[in-house]
Amino acid sequence: MGNPLIKTIAVAAVGIGAVAICFVGYRENNNKQYQQKVSYAETAVKKDELSIKEVNEAITKLYTNQDKVFLKKDLTEAELTQTGAKLDGVKVSAEDFGIEDKDMPKNMKNIAKEKETLNKQMADAETKFAIQNSVNALFEKPVSDWQKAKNDVTIKTKLKDTDVGAIRERLSFVDESDWTKLVKTYLSYADAQLKRVAEINQSLNSMLKDGKVTNAATYDKYLSLVESISQVRNNNLKTEFTEKANTISNQLGLGASNSSDYSTSNDSTDYGTETQDANTGENYTDSEANYSDNYAETDTGY
């Protein structure tokens with residue numbers, strides 16, 4: 001019989017040899033796969049150079065021009081999503097390819113810098129688009145011009161100061177530009193209309209309690225109230241104010257008026273024909289934005 005110890009050693013040696021062979025084979029296979037990933041990254045450089053160029057062009061098309069300040073008219077969320085997906089699809093990091101930084105192609109690092117710039121531009125477009133939608137939601141109809149401010153907007157019936165304030169807060173995190181000036185101008189239009197509504201409510205509350213006129217109700221104050229109501233653009237609010245003003249008028253012995261007597265012409269003089277040139281930053285006076293000073297002069301009951 002053979003020596004059992006020798007047999008055990010022989011079996012162990014065979015096992016160790018088999019493990020060593022497997023380890024070497026596994027390592028060589030991993031090295032081969034890794035080199036394939038490095039080769040793929042080197043091949044992908046040309047494709048990524050073309051892709052990053054296409055994405056750059058796509059992002060530029062989101063704006064009115066290459067300055068990338070104002071978003072183009074009728075930009076859709078779908079366009080933003082598609083462009084963002086194209087940008088995300090450009091692989092530029094070592095992690096994207098499953099390799100180490102030291103093995104990344106040199107040109108890929110340049111592409112990575114370009115992608116970083118495009119990511120910022122994409123984020124800018126998405127932020128502006130979201131804020132513009134929020135501003136549109138303040139008014140009965142969306143803003144008609146997102147390049148030059150036009151004072152032709154009408155606030156919604158239930159709009160609150162906090163709605164405007166929330167947008168102004170979001171805007172504070174955006175770099176100052178002609179676009180932010182434009183947004184602030186539209187917010188000022190909303191502020192002016194809200195202020196008029198608040199002052200009319202204050203005047204009505206001072207002159208009318210439980211359906212009865214108070215001692216504060218005078219002919220001069222009534223005339224100032226009627227004048228201010230005539231400048232209200234929201235028809236629902238205007239009708240509500242007119243009804244209350246008629247109650248005051250009847251009890252003062254002046255007779256009732258209909259809504260047409262509280263006429264606000266829908267022509268350019270009521271809405272303010274002047275605009276703000278967002279490109280030059282020049283400000284022009286409009287009738288709505290400056291109503292408060294004139295109103296305060298004529299109505300001392302506030």
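Guide: Welcome! Among contacts in this chain between residues at least 6 apart in sequence, 69% join residues at least 24 apart, where contact means heavy atoms within 4.5 Å. This is a predicted model, where local features need pLDDT of at least 70 and side-chain atom pairs count only at pLDDT 80 or more, while totals for chains, interfaces and linings use all residues. Residues are numbered from 1 along each chain as its sequence is written, and side-chain values use heavy atoms, with hydrogens and water left out.

Visitor: How many helices and strands are there in the chain?

Guide: There are 10 helices and four strands. Helices (H or I, at least four residues) and strands (E, at least two) are DSSP runs, numbered from the N terminus.

Visitor: Why is Asp-48 called buried?

Guide: Buried means under 20% relative accessible area, exposed over 50%, and partly exposed in between, using a 1.4 Å probe and protein chains only. Asp-48 has 6%, so Asp-48 counts as buried. Asp-48 is found in helix H1 (residues 4-60) and touches Val-90, Lys-91, Phe-97, Met-108 and Ile-111, not counting residues up to four places away in sequence. In the whole chain of 302 residues, 36% count as buried.

Visitor: What makes H2 roughly antiparallel to H4?

Guide: Helix H2 (residues 77-88) and helix H4 (residues 106-136) pack at an angle of about 165 degrees, with their axes 11 Å apart. Axes are lines fitted to C-alpha atoms, for helices over the stretch in contact, and angles run from 0 to 180 degrees between N-to-C directions. Angles under 35 degrees count as roughly parallel, over 145 as roughly antiparallel, 65 to 115 as roughly perpendicular and the rest as oblique. The angle of about 165 degrees is therefore in the roughly antiparallel class.

Visitor: Which residues of H2 meet H4?

Guide: They are Glu-77, Leu-80, Thr-83, Gly-84, Leu-87 and Asp-88. By class, the contact of H2 with H4 has six nonpolar, three polar and four charged residues. Ala, Val, Leu, Ile, Met, Phe, Trp, Tyr, Cys and Pro count as nonpolar, Asp, Glu, Lys and Arg as charged, and the others, Gly among them, as polar.

Visitor: Why are H4 and H6 called roughly parallel?

Guide: The axes of H4 and helix H6 (residues 178-207) come within 11 Å and cross at roughly 15 degrees. H4 and H6 are therefore roughly parallel to each other. Their contact is made by Lys-128, Ile-131, Gln-132 and Val-135 of H4 and Trp-179, Val-183, Tyr-186 and Leu-187 of H6.
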